[in-house]
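Thanks for coming. Please have the sequence and the structure open.

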Amino acid sequence: MEKTANKYMNPYLAGLMLGVVLLASFYLTGRGLGASGAMRSVVVSSVNTVSHDYAETSNYFSKYISGEKSPMKSWLVLEVLGVLVGGFISGAFSGRLNFKLEKSPKITSKKRIYLAIIGGALFGFGSQLGRGCTSGAALTGMATLSLAGYVTMMAIFGTAFALAYFFRKNWI
Amino acid sequence: MGPIIPLFEISEEINLLIAFLIGLGFGFALEQAGFSSSRKLAGMFYGYDITVLKVFFTAAITAMLGLLFMNYLGMIDMSIVYVNDYFMSSAIIGGIIMGAGFIIGGFCPGTSVCAAAIGKIDAMYFIGGSLIGILLFGQTYPLWEKLHNAQHLGSLKLSDSIGVSDGILGLLVIAAAVVMFWVGEMAERRFKREDINNEI
Amino acid sequence: MKRPYIKILGLIVVVLAVGLIFTSLKSSKKYKFNKSAEKLHAELVAAKHYLDPYKALEIISNKDENYIFVDIRNPREFDNFHIESAVNVPMQRALDEEYIPYLKNDKIKVLYSNESIKADQIWLLLTQYGYENLYVLQGGATYWKENMLSKDLFKSKSEYDDEKLKFDINKVKASN
Amino acid sequence: MRIRFVLSIVLVCLGLVAAILPQTKNSSMELDAQQLLNEIQLENYVISVDEMANALINNDPEYQLIDLRPEADFKAYSLPGSLNIPFDSLFSETWVPYIDQIARKNVFYSNGTTLASEAWMLTKQKGYKNNYILNGGLNNWFATIIEPKEPASTDGEEAFFQYEARLGMKQFFTGAGAVSSSSSKQVKKPVPRKKKKMVAGGCS
């Protein structure tokens with residue numbers, strides 16, 4: 001088995017790098033980073049394509065359809081496309097590109113997939129209710145010392161810690 | 001004086017290009033940190049790998065200090081910088097649901113995109129799940145509308161609610177982070193899992 | 001590492017020093033305001049920055065060294081007529097460095113223009129900018145020329161106030 | 001391990017420096033002294049009484065007169081459609097939305113020009129836009145519109161033309177069916193300037 005200690009960048013240095021990116025985002029655009037907003041844009045625009053009238057009547061989706069402008073072309077979508085490309089570059093750089101289903105050996109692949117979908121659905125739902133995910137609400141909010149950021153961060157990590165015991169088989 | 005784009009009325013195309021470049025940096029940093037691995041992310045909650053804590057807090061503190069100093073030097077107009085609106089109940093309940101999603105799915109939206117970029121199949125399913133979750137929220141929005149908009153307290157900053165200056169709060173956050181780093185690294189040694197660390 | 005504490009101490013000193021040097025770089029925007037609009041507003045409500053022309057005349061005839069009269073009109077107007085012992089600081093150049101000695105000193109500076117409006121505006125501007133001990137001469141040069149130069153001065157004494165209504169409201173209303 | 005140590009020290013030190021820094025607030029909207037001095041001299045902020053009278057006669061919705069005098073004076077007499085913001089309470093929470101807005105031209109007036117010009121200077125320093133002053137205030141209004149002086153026979157044709165116009169205006173403001181002095185025009189709600197140009201922030 002290969003030695004893996006130096007595979008990833010030192011987390012503190014990586015954090016520093018992420019912090020600088022976040023700061024640059026603040027300086028250039030006046031807001032932090034985000035991810036779930038882009039996902040919402042994807043959902044809104046697909047609903048809009050399938051049935052424009054339906055999207056218009058939905059209280060929630062209609063908020064994000066502004067005139068003729070496609071919700072896909074929003075700032076956050078471009079940013080998330082950047083994340084996709086940036087992640088790919090980094091993966092290629094460090095030789096981590098390959099299709100792989102990551103899971104604990106104690107569970108089956110099928111179960112991992114189900115759990116990923118359920119977890120994703122919960123996260124997607126929660127991010128809409130809580131107005132932002134870990135990057136948009138917690139990380140960005142913490143940098144601006146906003147109350148919402150710290151409350152969201154504590155709620156996310158607190159719950160995850162509290163539930164960690166029940167899902168230990170998935171991970172260790 | 002910053003922030004540049006809202007103040008200088010930069011054109012839409014350049015704005016989107018900057019979005020892409022910032023995303024590029026974001027994705028690169030996340031991937032380099034190892035956030036593309038769900039077991040590494042989950043390691044935080046079992047103590048065998050606290051990368052999440054380290055990266056998350058270092059990043060938040062770096063940006064926070066940067067903002068504090070930039071504000072002091074007159075380089076940024078903090079009244080334009082976006083501060084999250086605080087809706088107390090929805091922030092807490094939303095956070096709890098996200099926490100559950102985190103421990104079950106092993107990603108958050110940002111990291112799942114980054115992981116999907118290097119071919120993690122579980123991340124792709126997670127993204128699919130997120131889209132379903134958002135669709136579900138949109139479809140059932142009338143049920144949550146009240147909760148979603150309840151207890152709006154405005155763009156509150158910590159300093160507004162506690163009454164301590166931003167600088168002192170920053171120092172407190174740093175002190176808390178330093179202690180957490182220390183405890184976390186002890187935990188990393190205590191709950192060491194060579195097998196998992198070698199795999200991820 | 002024989003003596004790690006020395007290294008740690010050194011690191012702390014270096015970072016603190018760098019941090020403090022960094023903060024001392026605070027860009028002093030050349031014409032940055034020193035007083036907030038709210039503070040200034042409170043001063044204006046108190047309206048204590050006006051100098052009555054009769055008191056000004058007393059100061060001039062006593063040759064009081066503590067006062068400087070500052071004419072903010074253009075040099076042509078200044079040459080045409082100006083209050084005895086006044087210095088000329090044309091308003092468009094009020095922030096220029098060459099005039100700092102006139103405006104930044106321990107004496108009491110009394111600004112005047114043709115009337116009091118421009119002087120009042122410059123008073124506001126300079127006070128915002130951080131100058132102190134400034135006053136505005138009520139009525140300005142016009143009032144001075146008309147009332148303060150005559151021999152039987154105290155017979156015609158009339159208070160000057162730009163904000164005094166000069167018309168009879170009831171007359172206007174009655175014609176309705 | 002070593003990185004954590006170094007990072008902790010650096011962060012704590014910088015945190016200490018940040019904690020002792022005084023709180024400053026930068027506003028990109030605020031002008032600096034030189035800019036304000038230039039603005040003062042441009043005199044773009046002065047609206048003549050003739051222009052204002054015309055606007056009132058035509059019921060032009062673009063203009064909003066703001067009376068800066070104390071309430072008692074305002075009740076005794078005011079120009080039609082004025083909103084009373086006593087100078088003392090210019091920056092009170094009730095009134096800031098009216099002077100920091102984007103929808104209309106606010107025209108400040110008082111008996112003379114002093115209060116109006118002071119109010120204009122203050123709002124300008126704050127970076128509020130769309131505020132103007134009525135040239136010469138009420139005194140000038142009375143002298144020009146209500147009691148216009150007949151031009152001397154040596155004056156040009158234009159002066160006579162203007163005089164005719166003013167007599168017509170006088171008729172409107174004082175004659176039968178004149179707008180009563182208490183505001184008959186409803187004061188419209190302010191449209192606040194958007195503080196945050198980015199409304200949707202973060203990733204919500």
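In chain D, strand β2, residues 63–67, runs parallel to strand β4, residues 105–109, and five bridges join the two. One of the pairs to look for is D:Gln64, whose bridge partner in β4(D) is D:Asn106. Helices (H or I, at least four residues) and strands (E, at least two) are DSSP runs, numbered from the N terminus. Two strands pair if DSSP finds at least two bridges between them.

This is a predicted model: local features need pLDDT of at least 70, side-chain atom pairs count only at pLDDT 80 or more, and totals for chains, interfaces and linings use all residues. Residues are numbered from 1 along each chain as its sequence is written, chains are lettered from A and ligands numbered from 1 in the order in which they are written, and side-chain values use heavy atoms, with hydrogens and water left out.

Back to chain D. Its five strands make an open, parallel sheet in the order β1-β5-β4-β2-β3. Which strands are at the edges? They are β1 (46–47) and β3 (83–84) of chain D, and each pairs on one side only. Helix α6 of chain D, residues 114–126, lies across β4 and β5 (131–134) of chain D, at about 170° to β5(D). Axes here are lines fitted to C-alpha atoms, for helices over the stretch in contact, and angles run from 0 to 180 degrees between N-to-C directions.

Now helix α3 of chain D. Where α3(D), residues 49–57, meets helix α8 of chain D, residues 157–174, the axes come within 11 Å and cross at roughly 45°. That angle is why α3(D) counts as oblique to α8(D). The cut-offs are these: under 35 degrees is roughly parallel, over 145 roughly antiparallel, 65 to 115 roughly perpendicular, and the rest oblique. The crossing of α3(D) past α8(D) is left-handed, meaning that the near helix is turned anticlockwise from the far one by less than a right angle; clockwise would be right-handed.

On the α3(D) side, the contact uses D:Asp50, D:Ala53, D:Asn54, D:Leu56 and D:Ile57, and on the α8(D) side D:Gln162, D:Arg166, D:Met169, D:Phe172 and D:Phe173. Contact means heavy atoms within 4.5 Å. By class, these residues are six nonpolar, two polar and two charged. Ala, Val, Leu, Ile, Met, Phe, Trp, Tyr, Cys and Pro count as nonpolar, Asp, Glu, Lys and Arg as charged, and the others, Gly among them, as polar.

α3(D) also packs against helix α7 of chain D, residues 137–146, at an angle of about 70° with the axes 10 Å apart. The two helices are therefore roughly perpendicular. Here α3(D) contributes D:Val49, D:Asp50, D:Met52, D:Ala53 and D:Leu56, while α7(D) contributes D:Asn140, D:Trp141, D:Thr144 and D:Ile145. That contact has six nonpolar, two polar and one charged residues.

Chain C next. Its open sheet has five strands in the order β1-β5-β4-β2-β3, with parallel pairing. β1 and β3 (87–88) of chain C are the edge strands, each pairing on one side only. Five bridges join β2 of chain C, residues 67–71, to β4(C), and C:Asp71 has C:Tyr112 as its bridge partner in β4(C). Helix α3 of chain C, residues 53–61, packs on this sheet and touches β1, β2 and β5 of chain C, at about 120° to the direction of β2(C). β4 of chain C, residues 108–112, is joined to β5(C) by three bridges, and C:Leu111 is partnered by C:Val136.

In chain A, helix α1, residues 11–29, and helix α6, residues 134–143, pack at about 80° with their axes 11 Å apart. α1(A) and α6(A) are therefore roughly perpendicular. A:Leu18, A:Leu22 and A:Phe26 of α1(A) meet A:Leu139, A:Thr140 and A:Ala143 of α6(A); five of these residues are nonpolar, one is polar and none is charged.

Last, confidence. The model scores ipTM 0.68 and pTM 0.68. pLDDT is the predictor's confidence in each residue, from 0 to 100. Chain D has a mean pLDDT of 79, with 82% of its residues at 70 or more. What happens over residues 180–185 of chain D? There pLDDT stays under 50, and the model has 11 contacts for the stretch beyond four places in sequence. Chain A averages 84, and 92% of the residues score at least 70.
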